[in-house]
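Let's walk through this one together, a piece at a time.

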Amino acid sequence: MMRVALTCCALATIGLVACERESRSFHERQVVAARAEVATQTPLTIGGPVPPTGTQSPFQGNAVGVSDGKRLFATYNCSGCHANGGGGIGPALMDDQWIYGYEARNIYETILEGRPNGMPSFRNKIPDYQVWQLVAYVQAMSAQVPIDVAPGRDEHMQVRPAEPITPFKGRKQTGHR
Amino acid sequence: MTACRTIAAFAFAALSLCCRGTAAKSPTATAPPANSAATGSAVIAAGDPSGDWVLPAKDFSSTRYSALTEITTSTVKQLGAKVTFSTGVNAGHEAAPLVVNNTMYVVTPWPNIVYALDLTKPGAPLKWKYAPKPPSAARGVACCDVVNRGAAYADGTIYFNALDNRTIALDAATGEEKWIATLGEINRGETMTMAPLVVKDKVLVGNSGGEFGVRGWLTALDRRTGKIAWRAYSTGPDKDVLIGSRFKPFYEMDRGRDLGVSTWPPDAWKIGGGTVWGWISYDPSLNLVYYGTSNPGPWNPEQRPGDNKWTAGIFARDLDSGEAVWFYQWSPHDLYDYDGINEQILVDLQINGATRKVLIRPERNGYMYVLDRATGEVLSADPYVPITSSKGVDLKTGRIAMAPEKDPKAGIVVREICPGSPGGKDWNPSAFSPQTGLVYVPHNMLCMDFEGLEANYIAGTPYVGADVKFYAAPGSKNRGEFMAWDPVNRRKVWSIAESFPVWSGTVATAGDVVFYGTMEGWFKAANARTGEVLWQFKTGSGIIGQPITYRGPDGKQYVAVLSGVGGWSGGIVVGDLDTRDKTAAGGFANAVPDLKDVTTKGGMLYIFGLP
């Protein structure tokens, strides 16, 4: 009897913890349209530092959205230039150095508007919610999303450490390259 | 399909030619007698005694051989740096400097600055500088660093290509623009990185972008005006490829109507690659130009069943009309990015008791080919690196026998494919010494794992569809080698093992010395007969440039090379890439993760001389 109670207790605990694994709403696609604030490209601001916007991708805590972002990263040929995060024609995305800013809003603008040194503009080519999925996946590469949301192992050639164990967790993201 | 339409729409619009400032006054500098490219009345002979270096390949035969003899196997030990010059550019420096009329010309990687240095004055001060200002955006469609492989000189004019698809002619004396021809479109993934060849009244140039679904072409421009004389595409209907009645390929597999269309899935030829980013040679007696075509796109071969003509092969064309005379395909239906653009060295060899006019080609697929350059017949094809991807070349049919067990399938990892995508040798050219009869080959010793992935065509983005990682050939610690090859007896004579892939060019001299550079930055001189390293100097960055040698205004022999790591093999240093991803830098992150520990980026010209 005691054993059954313990088992139930354990199962309940696991169940509760599992519920906390990720948070997901069914309305991310509507939410994204409302985010219009602009992030600065530099920590250097006239008159003193300005705190980060704190804008997050609506898929930041959404494992399915991040996983979709990973798929789209290949589909839209992001991987053609950034490889599997290590970079090639374009810079590495799995490290802690960002030319145009590491915040979600910065990455969103990079994808949408392009950047002058070779990043093409995808404006009007990719639906907005997919851009945010890509943003969440790009942040997952450098361990900026919760560990249990990042994609796990995949079924391709072993080419890099899986996103959750990319050892940059907590590392300060910088603007230098 | 929208993509295909976009392509079609751009295909001809981009042919617009912009000419301005056609020089009213005649150039002040006259070409020295040795520069026969100036008049076209004679050939730049192998071992031209003038001591100038007017084409990256030295002569039309692409021997990269100098008849200068002051630097010998015994005097080379006294070589020292005489002049250094910072190019101010941090990308991979693949170009050969040129020397004409006591002036040295250097073209940098993007932003493609041209420097003219006055060799008559102490320290070789700057004579003039020209900045074509290609947009920074062009860097986003350059597959393997923003390199440039050099300029060409003829008749008082310097010709070179800027990354944003412009061929530019400059007055060699003043640096003033003579004309600019705009030949391609970066929004379609096109760039230009190759060194032009100037022959008679033509400047021959080709495009880059085999990893971007570009349709490859070779274009002949009028040397005086920059107007297009002819353009030959590498895919599509015969009329676009300039295939007509003179076309007589030696092998059955290359014969037929409109093979540039029928050997592809519908419309795939429009985005099928076959770019012309490598080397061109010219035989004046046959009036034929020779050049290779790049890999087909995408890399994933399952998306393009068929032989994919006319990619990964070699064309012989009439210089004046552009008509194709013969074609031979090194790698029909290329499986591994065995890009077919390497140099072809034109020499006459004694083969089986007869003198044959041949073309020597160290090919990406790992075979050293000797072809009859009049007909395209393969006389021999011998492995010069470990090969697992194929079982040999059938000299009856001309066809390479691919190894079925290494055939890539989407979603499956195929291991130990040798050579890897960079091939037995990549773009960096060999040299031939008529004195030793040997070919000097700077090359790779790499194998790879390959997984095919579905590629989507999005104009202006890469069209590849494969994850690859390279590594040293099993059983070998060295990832590169510098070797001497005997093309008559078809064997390696000696070799120098190198830790990193050898990505530099080479030059052979009548002093029996050969020069090359390593990715760590060593510039080395070796005995052309034995391979003994006689002298070396550590430059500031890894060397992937093409060394040259020339006679200075003081009558002495000098050697020059650009140092500055980068290119495909040095991408992790130039881009500061993250090598935890083995596929970074197109698979080179796995092969050379230690490169960042031994070199840093930075372009610098070095001129060496005797005391």
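In what order do the four strands of the open sheet in chain B run? Keep in mind that this is a predicted model. Going across the sheet, you meet β3, then β4, then β5, then β6, and the pairing is antiparallel. The edges belong to β3 (98-100) and β6 (126-130) of chain B; each has a single partner strand, so one side of each is left without a neighbour in the sheet. As you step from one strand to the next, the twist averages 20 degrees.

Strand β5 of chain B, residues 114-118, pairs with β6(B) through four bridges in the antiparallel sense. If you want a spot to look at there, find B:Ala116, which sits opposite B:Trp128 of β6(B).

Over to chain A and its helix α5, residues 104-113. Seven of its ten residues are buried, so this helix is largely enclosed by the rest of the structure. The buried ones are A:Ala104, A:Arg105, A:Asn106, A:Ile107, A:Tyr108, A:Thr110 and A:Ile111. Part of the cover over these residues comes from α6 (128-141) of chain A. Just past the end of α5(A), A:Gly114 adopts a positive phi of about 75 degrees.

Among the elements of that chain, helix α4 (residues 78-82) has the highest mean pLDDT, 98, while helix α2 (residues 28-31) has the lowest, 54.

Terms used. Residues numbered from 1 in each chain as written. Chains lettered and ligands numbered in written order. Predicted model: local features only at pLDDT ≥ 70, side-chain atom pairs only at ≥ 80, totals over all residues. pLDDT = per-residue confidence, 0-100. Helix = DSSP H or I, 4+ residues; strand = E, 2+ residues; numbered from the N terminus. Pairing = 2+ DSSP bridges. Axes fitted to C-alpha atoms, helices over the stretch in contact; angles between N-to-C directions. Buried ≥ 20, exposed ≤ 12 C-beta atoms within 10 Å, placed from the backbone. Contact = placed C-beta atoms within 7 Å.
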